[in-house]
Amino acid sequence: MEIMRLVVTGPVGAGKSTFIRSVSEIEVVDTDRRATDETLMLKKRTTVAFDFGRLQFGPEMALHLYGTPGQSRFDFMWDILIRKAHAYILLVAAHRPHEFRSARRILGFMKQRSQIPMIIGLTHTDCPGAWDAENIAIALGYLDANRCPPIITVNPNQSASVAEAVIALVQHSMQGCLV
Amino acid sequence: MAITGYLAEFSLAEMFQFLEQGCKTGLLNICALTGSGVEGQKNHYIWFNQGRIVAAASSLNQQGLVTMIGQRGWLGDRAASRLSQTCTIGTPMGLCLKAQGALTAEQLKLLFYSQVMRQVCALFELGDGWFQFDPKVPLPAAEMTGLSAPATEVTLAGLRALKDWSALADKLPDSTSALISIIDGKPQLRLNQVEWQVWEFTSGSVSLSAIANQLRLPVEKIQQVAFRLVVSALAEEIPLIAEPISLTPETEPAELSVAPTEASAVSQSFLQNLVGFLRGKV
């Protein structure tokens with residue numbers, strides 16, 4: 001069986017669990033628990049271990065999707081996920097600038113451990129106060145447009161939109177782009 | 001497109017870092033919210049040119065600089081206005097008056113210090129405020145001395161003077177995180193002693209709490225210094241692993257249950273098949 005592992009990461013409330021549920025053919029392994037500390041301000045439940053989704057598209061071919069834990073604690077689980085992944089997508093809620101620093105921390109963590117292809121998926125871009133892609137890239141530390149990974153808009157609630165995001169990530173991987 | 005928000009969500013230090021790193025030009029308007037900690041003016045205006053702060057004022061009447069010059073007795077309001085009428089359009093008033101011999105270079109520096117460094121640094125005390133950055137507003141020649149400062153330089157000065165860090169508590173780097181330098185060589189900004197000490201640890205491997213232990217300083221103090229280095233675009237926070245690899249969660253799929261190793265490559269035909277399959281779902 002040939003398997004590709006994609007990691008879906010991002011700050012709390014960016015839409016990671018929803019993203020995986022929208023594309024997975026199996027019931028997502030749900031590790032959501034009642035949120036504690038500051039996460040409770042954003043959502044009642046958050047992912048404490050990780051979400052797991054699967055998409056089999058051939059007798060010997062499958063895509064596995066792993067969502068990182070929601071709360072801002074980088075433990076061994078993150079390390080395992082990123083080291084076993086082929087590519088990852090960083091989801092960022094465009095209307096929550098207070099989460100940009102958290103997204104930047106995640107990027108720092110990921111980049112230090114792995115140079116696998118990645119793209120940025122902007123969610124909630126239609127919400128009031130949403131920042132545009134160019135400014136979010138700057139806020140995440142990408143100052144040179146030529147060295148910025150692809151940035152796409154994605155609606156985690158829509159299967160088609162999530163499929164497009166995964167296509168973008170896979171195509172980026174096919175180009176062998178290391179960002 | 002204008003950017004709006006609240007300082008409680010996106011702090012002034014982060015905003016300045018964003019504007020400098022994005023080489024932004026325009027007007028940042030900050031409206032202090034009631035009970036936000038700073039007495040006096042409610043509205044504050046800061047103009048940026050290519051990421052550098054070029055002027056600041058508490059109103060948009062274009063009279064701030066003339067008033068400051070008058071208050072110091074260097075030039076009367078009428079004389080300043082008359083001289084400024086001969087300035088080329090778009091030339092900063094300060095430079096124009098200096099060219100006409102009405103002000104010295106030293107006086108311009110003092111004006112800039114009062115107008116920008118003192119006024120803007122005080123804004124870091126704001127607990128909360130609404131902000132809007134409009135990139136379409138033209139630069140106000142009548143409020144400009146002709147001098148400018150990098151936004152991060154003002155941030156460093158403002159945060160060094162900050163007494164109450166409670167509004168920034170959730171912005172500070174975690175005590176379990178490390179710092180890694182994101183510049184080549186040593187910082188060009190003038191750092192103070194403790195900033196230099198923390199800078200020596202920007203290798204990406206020493207946690208802030210360990211730095212605090214080594215320097216025998218409270219970890220909160222090190223977190224504040226680390227935040228200053230981060231928003232000054234000198235270093236980046238790197239989270240370190242919180243726990244050793246010893247636990248195996250019950251829900252862990254078999255593929256991940258082994259010790260972390262690099263992922264094996266997938267074939268081009270696999271990727272093409274996957275894209276084809278997903279296209280059918282779009």
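Three salt bridges cross the interface of chain B and chain A in this predicted model. One of them pairs B:Glu236 with A:Arg104, whose closest N and O atoms are 2.9 Å apart. Between chain B and chain A, six residue pairs are in polar contact.

On chain B, several elements each supply at least two residues to the side that touches chain A: strand E1 (3–6), helix H1 (12–21), helix H9 (219–231), strand E9 (235–238) and helix H10 (268–279). H10(B) gives the largest share, ten residues. By class, this side of chain B has 30 nonpolar, 13 polar and 13 charged residues.

The contact takes 56 residues from chain A and 56 residues from chain B. The size of an interface is often given as the accessible area lost when the parts come together. Here the area buried between chain B and chain A is about 5200 Å². Carbon and sulfur atoms give 66% of that area.

Now the aromatic rings. Over all chains, the structure holds 13 aromatic pairs. The rings of A:Trp131 and B:Phe10 have centres 5.0 Å apart and planes at 70°, so this pair is edge-to-face. A:Trp131 lies in the loop between strand E7 (118–123) and helix H4 (133–139) of chain A, and B:Phe10 in the loop between E1 and H1 of chain B, so the pair joins two chains. Both A:Trp131 and B:Phe10 are buried.

B:Phe16 is buried at 0% relative accessibility, and B:Phe48 is buried with a relative accessible area of 0%.

Ring pairs also link A:Phe100, A:Trp131, B:Phe10 and B:Phe18 into a cluster.

Notes:
Residues are numbered from 1 along each chain as its sequence is written. Chains are lettered from A and ligands numbered from 1 in the order in which they are written. This is a predicted model: local features need pLDDT of at least 70, side-chain atom pairs count only at pLDDT 80 or more; totals for chains, interfaces and linings use all residues. Side-chain values use heavy atoms; hydrogens and water are left out. Contact means heavy atoms within 4.5 Å. Buried area is the accessible area (1.4 Å probe) that two parts lose on being put together, summed over both. A salt bridge is a side-chain nitrogen of Lys or Arg within 4 Å of a carboxyl oxygen of Asp or Glu. A polar contact is a pair of N or O atoms within 3.5 Å; within protein, one must be able to donate a hydrogen and the other to accept it, and residues adjacent in sequence count only if both atoms are side-chain atoms. Helices (H or I, at least four residues) and strands (E, at least two) are DSSP runs, numbered from the N terminus. Ala, Val, Leu, Ile, Met, Phe, Trp, Tyr, Cys and Pro count as nonpolar, Asp, Glu, Lys and Arg as charged, and the others, Gly among them, as polar. Rings of Phe, Tyr and Trp (its six-membered ring) pair if their centres lie within 6.5 Å; planes under 30 degrees apart count as stacked, over 60 as edge-to-face and the rest as tilted. Buried means under 20% relative accessible area, exposed over 50%, partly exposed in between (1.4 Å probe, protein chains only).
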